[in-house]
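Here is a short note to read beside the model. Please keep the structure open and find each residue as it comes up.

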Amino acid sequence: MASAAVAKAKPTETFVDNKRKDDIRMANITAAEAVANAVRTSLGPKGMDKMISTASGEVIITNDGATILNKMEVLQPAAKFLVELSKSQDVVAGDGTTTVVVIAGALLKASLTLLSSGIHPTVISDSLHKTSIKSVEILSAVAVPVELSDRDSLVKSASTSLNSKVVSQYSTLLAPLAVDAVLSVVDPEKPDLVDLKDIKIVKKLGGTVDDTELVNGLVFDKKVSHAAGGPTRVENAKIGVIQFQISPPKTDIEQSIVVSDYSQMDRILKEERNYILGMIKKIKATGCNVLLIQKSILRDAVTDLSLHYLAKAKILVIKDIERDEIEFITKTLNCLPISNIEHFRAEKMGFADIVEEVPLGDGGKIVKIMGIKDMGRTTSVLVRGSNHLVLDEAERSLHDALCVIRCLVNKKFLIAGGGAPEIELSRQLGAWAKVLQGMEGYCIKAFAEALEVIPYTLAENAGLNPIAIVTELRNRHAQGEINAGINVRKGQITNILEENVVQPLLVSTSAISLASECVRMILKIDDIVTVR
């Protein structure tokens, strides 16, 4: 009987090897944590900068999380998730690209501890999802509403974003500039939408970041075409944007023409002159006195001969306009691009008070179009810098500041910065975990503690004692001071709202949501299949 019982039990005794799955998870989490630790030191106003040297020899100095990760050559598949995570945060909020990666790294570390305790990945994943939803509710509850008419609050939030950048000393100039730029392109019919493509950032080497200015019109980082002494300044400008070439036509098929005598050569040149002259007469007949010519890839958009005739006709010429700039230019000038000489009419042109070439102090020149009639809702920012490294970083920093204001237009709520929301989240989630039963409460408590990584890192990067600072911060929040945060300048804990360190609610909520989504995805992976 006993042997029969043993025989019956045998088929159900199957051995499942889970070691490979655990090893894959461990490898994924370790690789992703390594990426998070690489950018962790660049978090906050006292964070370090990274010098990135590319294969082509280009050098970039930045502490923008999205830029650092984008330039890193990450090979491990799971670690690439964190690079994509940073890009997602850049698209959704524009700021907090370092924060989102640091939070994801801390959540992964907490998940690893839970996994080693024997908790199933699905239970951890579900608990993280609930933590994410609850976190957004808590943050929304502590947020302060803000109106777009409250310019000071908008400038404060832009300054907070800029204070952690390489160009932080220029935040008093760039923050109001970013606010004015975004508010000038907000459409009253769609008050919650801002398209940053309506703000054109033009970089010009020379000067300092102090010389950066907001231009209510159009700016071109190129000179007026000076061939044959054409005009460099035109008042009461009638501007045509053309997409055709003012040059002799080419044959449709590749072929060569043999010219046997001078009379034939003269005839060809005469035909060319007549062809170009005919085009310029049609342009002049409409009253056009400024011509913006799109760059051509098929043949020269203009020749020396056509520039000579345009100069004689007193038409100011700006050539080599990039194809992707045409939409912005036509929207600003409130005109239509003209693709054929036969369609050149006065009603398709834009009108401006003045178009002039402006010399800059260091020998460079730009073209400004000011006083545009019926101007579209666009604006231009001329960014200056002493070298390419500063210029590129100023552009990246300004883009982040513009994104912060865009977040406030989309979701009109502000929260405190300086690690205050993360500590408040940690406290409230910890209290919520105590009323939950089973594994779920245990997991949520671990994730609540993981969120303390932000204030801990801010204190660490500022050279403070992180353990003492975070302990004091916990104590202050437990006493009901929900806006208590780390003041890295004074090296102590203060009411961070009174210190004007504020950030949009959307930056924090999207960081928590995206980070938890990414961590859940990594936790669910139990094997890597390589297809060759």
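1. Start with a term. A salt bridge is a side-chain nitrogen of Lys or Arg within 4 Å of a carboxyl oxygen of Asp or Glu. Keep in mind that this is a predicted model. A search of the whole structure finds 25 salt bridges.

2. Look at aspartate 192 and lysine 412. Their side chains form a salt bridge, with N to O at 3.0 Å. Aspartate 192 sits in the loop between α8 (171-185) and β4 (199-205), and lysine 412 in the loop between α12 (388-410) and β14 (413-416), so the pair ties together parts that are 220 residues apart in sequence. Aspartate 192 is partly exposed, at 41% relative accessibility. Lysine 412 is also partly exposed, with a relative accessible area of 23%.

3. Which residue forms a salt bridge with lysine 203? The partner is glutamate 395, and the closest N and O atoms are 3.3 Å apart. Lysine 203 belongs to strand β4 and glutamate 395 to helix α12, so this pair ties together parts that are 192 residues apart in sequence. Lysine 203 is partly exposed, with a relative accessible area of 30%. Glutamate 395 is partly exposed, with a value of 26%.

4. Two further cases deserve a look. Glutamate 499 and lysine 490 form a salt bridge, their closest N and O atoms being 3.1 Å apart. Glutamate 499 counts as partly exposed, at 30% relative accessibility. Elsewhere, a network of salt bridges links Asp64, Lys165 and Asp400.

5. Now the cysteines. How many disulfides does the structure hold? The count is 0. A disulfide needs two cysteine sulfur atoms within 2.5 Å. For cysteine 407, the closest cysteine sulfur is in cysteine 403, at 6.8 Å, so the two are too far apart for a bond. For cysteine 518, the closest is in cysteine 443, at 18 Å, which is again too far for a bond.

6. Are cysteine 407 and cysteine 518 buried or exposed? Cysteine 407 is buried, with a relative accessible area of 0%. Cysteine 518 is buried too, at 7%.

7. Ile257, Val259, Tyr262, Met265, Ile268 and Leu269 make a nonpolar patch of about 600 Å². One of these residues, isoleucine 268, lies in helix α9 (residues 262-285). Isoleucine 268 counts as partly exposed, at 38% relative accessibility.

How values were computed:
Residues numbered from 1 in each chain as written. Predicted model: local features only at pLDDT ≥ 70, side-chain atom pairs only at ≥ 80, totals over all residues. Heavy atoms only, no water. Buried < 20%, exposed > 50% of the residue type's maximum accessible area, 1.4 Å probe, protein only. Patch = residues over 30% accessible without salt bridge, like charges linked within 9 Å, V, L, I, M, F, W, Y side chains within 5 Å. Areas by Shrake-Rupley, 256 points an atom, 1.4 Å probe, with all protein chains shown as cover. Helix = DSSP H or I, 4+ residues; strand = E, 2+ residues; numbered from the N terminus.
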